[in-house]
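Please open the model in your viewer and keep the selection tool at hand.

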Amino acid sequence: MSETYSPLKQTVGFIGGGNMAYAIASGLLNKGVLKAEQICVSATNLANLQKRWCPLGVTHVTTNNGEIVSKADTVFICVKPQIFPQIVGDIESAVLKLPSSAGRKLYVSIMAGVTLERLASTLPMIDANDLVRAMPNTPMQVGVGCTVFCRLCTTTDTLYEALKFMFGALGLAYEVRESQINAATGLAGCGPAYVYEFIEALADGGVKQGIPRDMALRLAAQTVMGAAKTVLDTGKHPAVLKDEVCSPGGATIHGVHALEQGSMRGTVMNAVERATNRADQLS
């Protein structure tokens, strides 16, 4: 049974209503960390927002980014890095209009490659200590995501503790050095896409051998999920677990040989390296 949590009392907003924002919000709702009325989201296309977010019960959708800043206690900046300059004015205007009685807010960027230094210099109207850089991944929507995050200061506070609680409720969460964020992007942020490619290829192999498509996909996905859970639950190195499956002269070692001939290890490592380099370029 999936673990549920007592709801937080704060309001969480998303500037940008795309896949990653949706994954975080839906995961928090599914886990009971937030209620729908505690979430607000903005994007350029109101009709698309309503179509996707209203089924979650989220009714505060808007094209006005400033509304998110004024309403939310924690503001997730979930736009593409190249879109960021277009929304800076909206954030600045809203921050400057906040009443002196307004409480502190936390601004969490999930933009690939955008450093805390760049955030602080681009948003000087925000206290740099209120800026957080994070890299989550989309499996957060089903509660088994990965998030790495960092901030400039080392002190903690209620909002930051709540943020860590939210990330932890949706899977693995690590507070890291900022120098590790881009590598984590290449590994875990982009990693689900690599795994989906593998699942599809594994299923295609089954189809080629005569297994019906639907069954092949479910078998492939379950196999990957089971193998991943075995690594996490047993603590054994993947190489040890692989050897436990490979009988001398058996079918598995012949399949593993084919993977080695296709340079699967090197290809996957290259994928992580290229994605990391791209995140560096976006900095």
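A nonpolar core is a set of buried Ala, Val, Leu, Ile, Met, Phe, Trp, Tyr and Cys residues joined through side-chain atoms within 4.5 Å; buried means under 20% relative accessible area with a 1.4 Å probe, protein chains only. The model is predicted, so local features need pLDDT of at least 70 and side-chain atom pairs count only at pLDDT 80 or more, whereas totals for chains, interfaces and linings use all residues. Residues are numbered from 1 along each chain as its sequence is written, and side-chain values use heavy atoms, without hydrogens and water.

First, select F14, W53, F76 and L163: of the 37 residues in the largest nonpolar core, these touch the most other members. At least two residues of this core come from each of strand 1, helix 1, strand 2, helix 2, strand 5 (106-109), strand 6 (131-135) and helix 6; helices (H or I, at least four residues) and strands (E, at least two) are DSSP runs numbered from the N terminus. Helix 1 gives the largest share, eight residues.

Next, select residues 19-30, which form helix 1. Ten of the twelve residues are buried, among them M20, Y22, I24 and L29. Their cover includes strand 2 (39-42), strand 4 (74-77) and helix 6 (158-169). Just after helix 1, select G32, where phi is positive, about 80°.

Return to L163. Leaving aside neighbours within four places in sequence, L163 is in contact (heavy atoms within 4.5 Å) with F76, L106, V108 and V132.

Finally, select C40, V69, M111 and V176, which are included in a second, separate core of 29 residues.

Definitions and conventions:
The expected span of a helix is 1.5 Å times one less than its number of residues. Buried means under 20% relative accessible area, exposed over 50%, partly exposed in between (1.4 Å probe, protein chains only).
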